[in-house]
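Please keep the sequence and the structure in view while reading.

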Amino acid sequence: MKHIILTATLLLALLAGTSCRGPKLVVADAQMSRGEYYDAAQTYRKIYNKLTKPQERTQRGEVAYRLGEAHRMLNQYSRSAAAYQNAIRYGYPEPIAQLRLAQMLHADGKYVPAARAYEEYLMQVPGSEEAQVGLDGAVLAQQLKAHPTRYVVKNAKLFNSRRSDFAPQFSGSDILYFTTTNEKVTGTARSEITGMKRSDVWMARKDEQGRWQRPEAVEGELNTELDEGIVAFSPDGNTMYVTIARRSNSGNTGVEIFTSSRSDAQWSKPVKFDITADTVSSFGHPAVSPDGTYLYFSSNMPGTGGYDLWRINLNERAGSLENLGEEINTPGDEMFPYIKSDSVMYFASDGHPGMGGLDIFRATLRPDGHWDVTNMGSPVNSPCDDFGITFDPSSSIPAGYFSSNRDDARGYDHLFSFELPDLKIVLNGYVTDLDEEPIASAVVRIVGNDGSNQRTVTRNDGSFSFPLSRGVSYAMMAGAKGFLNAKHEFATDTAEVDAEYGLDFMLASLSKPNIVENIFYDFDCATLRPESTEALDELVELLNDNPNISIQMTSHTDRIGGEEYNLDLSHRRAKAVVDYLIDAGISPERLQYQGYGKSKPKVVTKRVARLYPQFKEGDELTEEFILALPEEADREAADQINRRTEFNVIAVD
């Protein structure tokens, strides 16, 4: 658990002045003040269970509150919330019980009741910054949970034991160090803080194939019967900065930073790293800047509220101690820094609005010297404590490990892997002719306004595929021998989600008639109807995209009416289309027109057969064929197919 590396909060001040000062309560309070939370919880529970008389209600409420505090420090949120509820029920007089109840409900993922509890506390203590941040976090958590990020988080089972494992840290790309309280750690004594064995530093290596091997204790004199853990490394990997707990029955449990040196895969006996002359405050959670200049750490030095993040210059230690400021630090706790680069830092905090307990935040240093702090959201963060992130230096995508006590009712921490996979934005499509016959070996090009330029050739079924980027505008063109080029433009969405787009090209043939769909005329005349505009404009665009061709527009009628009448009607209709194209700017020299009346009945193509399954591919819709159809609806469909406008390419300049 993270609390084994923190100084115990001075809870005696909160507990002083109460009326139930029996011998066992004195023992429990002393255990609590020393940070021996596990032992304190056991003692408080025994006292609470003995206070059963009606006149002991006040004492029962006081002990229930203290029990809640012990469970809170052990990350046992449900037990802690139940204890605070009992304290309130038995009339505990201080509003702090209501705030703690809200925080434990928050950490247990019960955001709606947590928000109500925060609001109730704010009614009792208006203007409380801590409660307002908690309320903001409970509201934010509901949004983060409903809209998770693309991070993929998994339990790193190979590294985890049946106890607590936390605070991973890479040394190079093939060794992962972390803190563990597994049953094989050094020593036999159980921690009064957690009830588990005291922590050691362990490590896991990759084999020659890049596969992680089972963890083992680090070699050398690093681990002792004390609590060791939370490590960082100098850029060359030869100096370890490690947090070690100090133990004293007469004072608070605290932590200090030590250094250890590596020689022949052995780590030397730790030596205390002096930051200040302060011997009371805690100094832990070391992190070294990538260039080795600064040591970052967490401390509860006086005047900072909870735990703050600090740094010191390793080359000029005297006078270089620096608090990272109010944009990073809050009245709550900021811990577990990780320095990704000169301008990007990750850390854990319960003082910024979050999902409950400690959340992991990303802080980006702007050119003006101010920090932008962002919650990493779900699933990296959870209602429980999430902390101690480290990034894999060998990964091409954001990936690594962090620790969390999610999914563990005992409050034990475990290691989890995370990665942010590349967005999978794909364009799939087909290139066919206007009769939907696939065109193999067609060339498709795509150019993006991000500077990308890709080319591919269609498969035998006419299909093609391109990887894309989000928020980019693209221009595409497809072409094939014996066909006119076709062009499309589109833009991908800016949303940070996987996406698949579909876009097909239908190429006009140079050697056979190409039907122009959706051209409509008024009944029994050659006047183009308004709904024909879209199809005609697409034809204008096609001619502009292929300025080297000349075409002949042809019009065909159905079998109804006389030969001469239909020839004249189709002639006028073809001319109406040409007139539209000329008005749209197409040179008259590139255009001819011809009406064929009913003299050229349509031969059913694959596309027509798909649209009209009552006909077979290859059927010629002659008057004789149509009259032989038994159903009137089929005869009307055949007449509709025959009424068509087409164009033929007659010259390529």
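## Helices H7 and H8

In this predicted model, helix H7 passes helix H8 in a left-handed crossing. H7 covers residues 111-124 and H8 covers residues 129-146. Their axes lie 9 Å apart, and the helices pack at an angle of about 160°. Because angles over 145 degrees count as roughly antiparallel, H7 is described as roughly antiparallel to H8.

On the H7 side, the residues that meet H8 are Tyr-111, Val-112, Ala-115, Tyr-118, Glu-119, Tyr-121 and Leu-122. Their partners in H8 are Ala-131, Gln-132, Gly-134, Leu-135, Ala-138, Ala-141, Gln-142 and Lys-145. Sorted by class, the contact of H7 with H8 holds 10 nonpolar, three polar and two charged residues.

## Helices H6 and H7

H7 also packs with helix H6: the axes of H6 and H7 come within 8 Å and cross at roughly 160°. That angle makes H6 roughly antiparallel to H7, and the crossing of the two helices is left-handed.

H6 contributes Ile-96, Gln-98, Leu-99, Ala-102, Gln-103, Leu-105 and His-106 to the contact. H7 contributes Tyr-111, Pro-113, Ala-114, Ala-117, Tyr-118, Glu-120, Tyr-121 and Gln-124. The residues of this contact of H6 with H7 comprise 10 nonpolar, four polar and one charged.

Leaving aside residues up to four places away in sequence, His-106 touches Tyr-111, Ala-114, Tyr-118, Gly-134, Gly-137, Ala-138, Gly-354, Met-355, Gly-356 and Pro-383. His-106 and Gln-169 are separated by 63 residues in sequence, and their C-alpha atoms are 28 Å apart in space.

Helix H3 has 14 residues, numbered 37-50. The buried residues of H3 are Tyr-37, Ala-40, Ala-41, Thr-43, Tyr-44, Ile-47 and Tyr-48.

H3 packs with helix H4 (residues 57-73) at an angle of about 155°, and the two axes are 9 Å apart. H3 is therefore roughly antiparallel to H4. The crossing of H3 and H4 is left-handed. From H3, the contact involves Tyr-37, Ala-41, Tyr-44, Arg-45, Ile-47 and Tyr-48. From H4, the contact involves Arg-60, Val-63, Ala-64, Arg-66, Leu-67, Ala-70, His-71 and Met-73. In the contact of H3 with H4 there are 10 nonpolar residues, one polar residue and three charged residues.

## Helix H5

Helix H5 consists of 13 residues, 77-89. From its first C-alpha to its last, H5 reaches 18 Å, close to the 18 Å expected at 1.5 Å a residue. Just after H5, Gly-91 takes a positive phi of about 80°.

Which residues of H5 are buried? They are Tyr-77, Ser-80, Ala-81, Ala-83, Tyr-84, Asn-86 and Ala-87. The buried residues of H5 pack against H3, H4 and H6.

## Backbone features

Ile-230 has a positive phi, near 65°, and lies in strand S6 (residues 228-233). At 4% relative accessibility, Ile-230 counts as buried. Glu-436 has a positive phi near 65° and is placed in the loop between strand S22 (425-433) and strand S23 (443-448). With a relative accessible area of 26%, Glu-436 is partly exposed.

Ser-378 and Pro-379 are joined by a cis peptide bond, with omega about 10°. Pro-379 is found in the loop between strand S18 (371-375) and strand S19 (386-391).

## Leu-140 in helix H8

Leu-140 is a residue of helix H8. At 25% relative accessibility, Leu-140 counts as partly exposed. Leu-140 and Glu-538 stand 398 residues apart in sequence, and the distance between them in space is 49 Å, C-alpha to C-alpha.

Conventions:
Residues numbered from 1 in each chain as written. Predicted model: local features only at pLDDT ≥ 70, side-chain atom pairs only at ≥ 80, totals over all residues. Heavy atoms only, no water. Helix = DSSP H or I, 4+ residues; strand = E, 2+ residues; numbered from the N terminus. Expected span 1.5 Å × (residues − 1). Buried < 20%, exposed > 50% of the residue type's maximum accessible area, 1.4 Å probe, protein only. Axes fitted to C-alpha atoms, helices over the stretch in contact; angles between N-to-C directions. Parallel < 35°, antiparallel > 145°, perpendicular 65-115°, else oblique. Left-handed = near helix turned anticlockwise from the far one by under 90°. Contact = heavy atoms within 4.5 Å. Nonpolar A, V, L, I, M, F, W, Y, C, P; charged D, E, K, R; others polar.
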